[in-house]
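Visitor: Hi, I'm new to this one and would like a quick tour. Can you put it on the screen and talk me through it?

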Amino acid sequence: MTSPRAAGPVPPALRPTAVRPALAGLSLSMLLSALGTSIAPAALPTLADTFSAPFRSVQWVVLAHLLAVTALVVGAGRLGDLFGRRRLLLAGLSLFTVASVACAAAPTLWLLIGARAAQGVGAAFMMALTMAFVGEAVPKERTGRAMGLLGTMSAVGTALGPSMGGTLITAFGWRAVFAAPVPLGAAALLLVGRHLPADRQADGAGRARFDGAGTLLLSLTLAAYALAMTLGHGGFGPLGAALLTAAALGAGLFVRVQARAASPLVPRAVLRTPGLRAGLATSALVSTVMMTTLVVGPFQLSRALGLDAALTGLLLSVGPLVAAVTGVPAGQLADRLGAPRTTVLGLAAMAAGALALSMAPASLGAVGYVAPLAVLTAGYAVFQTANNAAVMADVPPDRRGVVSGTLGLARNLGLVTGACVMGAVFALAAATSDIATASPAAVATGTRTAFAVAAALVLLALAVAAPGGTRSGAARRTARARRTVLTPPLDPAGGCTAARPGTGEKRLGS
């Protein structure tokens, strides 16, 4: 027997007049989660001088945030499914905003690192639950456009962070870098609190328990992997090998625990969905490719092409800006053509851009790098919007949080892996132990090789997405037809009336 709190229906889509302010709140939440990651690296040199600390200590200002987001994003999504996405999104925004104040006021480096970890916990809830709300905030036929808007805000946050951080440090000092998100966080809290629908759990959700053991095991596994990719240099040393071994053992143990759990963190029905598996795999592959532009780009522009720091910084912002401009049109395209076709189209554009970067001669100068980069990032925006819409399309309301969190995890793991693996490919192809002192010709060779590998990864993602998208689309059409025939009407309490003979279905979502 369900509790009274669990008996309400799943929240319907908002009234048309409430859609825009609700999307504004979600957009600010997405912007803040991206900005929290991208703005801090600009402050590391200043922090090293201010606290008289070595780089290996100062880098934890970035790592603490990254590890918290990566380790907790799936658990945050599941908590939202069980206990209410709106209240936990508000809790995440509140924690993020308060932690930003604590970062700006931190008197010591280690208190700053602790506040950054708390900020990452808040960002995990924001990342996991923002996309999960799209199904409740907008009509189904406008899902692609809403996902495009959220993708645009993520790209804006990524593009804005480095330049905004540098400007704030120059004008006001390092504390301003961490204080800047505070007014945006307050605005997001106001919009989310006033305009998102109140939490009403789906029938059966109140009986489910939170899988604390699975969450802890997954968090430790992901933390070990992220540390291996950032501190252990991808397994090229004893520390990295030990961390990767721990991550592999943790992953195997997590799968075993989930198979026996009564209320698993990632439900087995979710794991068996072919379309979801393809969407997560392609997201991880594509994020690995996009990290190549951030790892390789600065060296190609400054050393191989001989550009000064100001022009290098300006050209590096072209990619995120193109992704930001492309996001909303990509969503409209996904609404028209369907998410599976648009996903393939975006991947094809990415492959073309990566192949062009792998073959562009140095004689073309900055144009030979920036033009293919624009194609690559435009394709990424199209892919990300369509893939997010496809993955979230037919997820049951009581699973949206955990699926959204898993999608965020796949993206984060791709970025972490790309930073290590693609950096190693770049350095190996350049045939130097110190890429900062490599010759222009060696850097150009490393760049071409790195993007050739990136193109191969995109083609692999295309091979996964092309048949997977067709199957998942057919499966969704079949499932909708079966639900139309077999599923009995909803009763006023939010469940279903008695099942018709032979259907075997007692309650919606049971």
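**Cavities and what surrounds them**

Guide: Searching the whole structure turns up four cavities of 30 Å³ or more. A cavity here is a set of points, on a 1 Å grid over the protein atoms alone, where a 1.4 Å probe fits but cannot get out; lining residues have an atom within 4 Å of a point. This is a predicted model, where local features need pLDDT of at least 70 and side-chain atom pairs count only at pLDDT 80 or more, while totals for chains, interfaces and linings use all residues. Residues are numbered from 1 along each chain as its sequence is written, and side-chain values use heavy atoms, with hydrogens and water left out.

Visitor: Why roll a probe around at all?

Guide: Because rolling a probe the size of a water molecule over the atoms shows where empty space is left.

Visitor: What is the volume of the second largest cavity?

Guide: About 100 Å³, where a volume is the space filled by probe spheres set on the points, and grid points are joined across faces, edges and corners.

Visitor: And which residues line the second largest cavity?

Guide: Among them are Gln-300, Leu-305, Leu-357, Tyr-369, Thr-447 and Arg-448. Two elements give two or more residues to that lining: helix 18 (365-392) and helix 20 (440-486). Helices (H or I, at least four residues) and strands (E, at least two) are DSSP runs, numbered from the N terminus.

Visitor: How many nonpolar, polar and charged residues are in that lining?

Guide: Seven nonpolar, four polar and one charged. Ala, Val, Leu, Ile, Met, Phe, Trp, Tyr, Cys and Pro count as nonpolar, Asp, Glu, Lys and Arg as charged, and the others, Gly among them, as polar.

Visitor: Let's pick Gln-300. Is Gln-300 buried or exposed?

Guide: Gln-300 is buried because its relative accessibility is 9%; buried means under 20% relative accessible area, exposed over 50%, and partly exposed in between (1.4 Å probe, protein chains only). Gln-300 sits in helix 14 (residues 274-304).

Visitor: What does Gln-300 touch?

Guide: Leaving out neighbours within four places in sequence, Gln-300 is in contact (heavy atoms within 4.5 Å) with Leu-305, Tyr-369, Val-443, Ala-444 and Thr-447. Gly-446 is 146 residues away along the chain, yet its C-alpha lies 8.8 Å from that of Gln-300.

Visitor: Switching topic: how many helices and strands does the protein have?

Guide: There are 20 helices and zero strands. Of the 510 residues, 52% are buried. Among contacts between residues at least 6 apart in sequence, 80% join residues at least 24 apart.

Visitor: Can you show me some buried spots?

Guide: Leu-129 counts as buried because its relative accessible area is 0%. Beyond four places in sequence, the residues Leu-129 touches include Ala-76, Arg-85, Leu-88 and Ser-404. Then there is Val-73, in helix 4 (residues 60-83), buried with a relative accessible area of 1%.

Visitor: What about Ser-33, where is that?

Guide: In helix 1 (residues 16-38), and buried at 5% relative accessibility. A polar atom of the Ser-33 side chain lies 2.8 Å from the backbone oxygen of Met-30.

Visitor: Which serines could I look at on the outside?

Guide: Ser-363 is one, exposed because its relative accessible area is 69%. Ser-363 is in the loop between helix 17 (339-359) and helix 18. Ser-52 is exposed too, at 67%, in the loop between helix 2 (44-50) and helix 3 (55-58).

Visitor: What is phi of Ser-52 near?

Guide: Near 50°, a positive value in a residue other than glycine. Most residues other than glycine have a negative phi.

Visitor: Last one: what pLDDT does the protein average?

Guide: The average is 79, and 81% of the residues score at least 70; pLDDT is the predictor's confidence in each residue, from 0 to 100. Over residues 1-13 the pLDDT is below 50, and that stretch has 31 contacts in the model beyond near neighbours in sequence. Among the elements, helix 5 (residues 85-105) has the highest mean pLDDT (94) and helix 13 (residues 268-271) the lowest (66).

Definitions and conventions:
A polar contact is a pair of N or O atoms within 3.5 Å; within protein, one must be able to donate a hydrogen and the other to accept it, and residues adjacent in sequence count only if both atoms are side-chain atoms. On a 1 Å grid over the protein atoms alone, a cavity is a set of points where a 1.4 Å probe fits but cannot get out, and a pocket is an open set with protein on both sides within 12 Å along at least five of seven lines; lining residues have an atom within 4 Å of a point.
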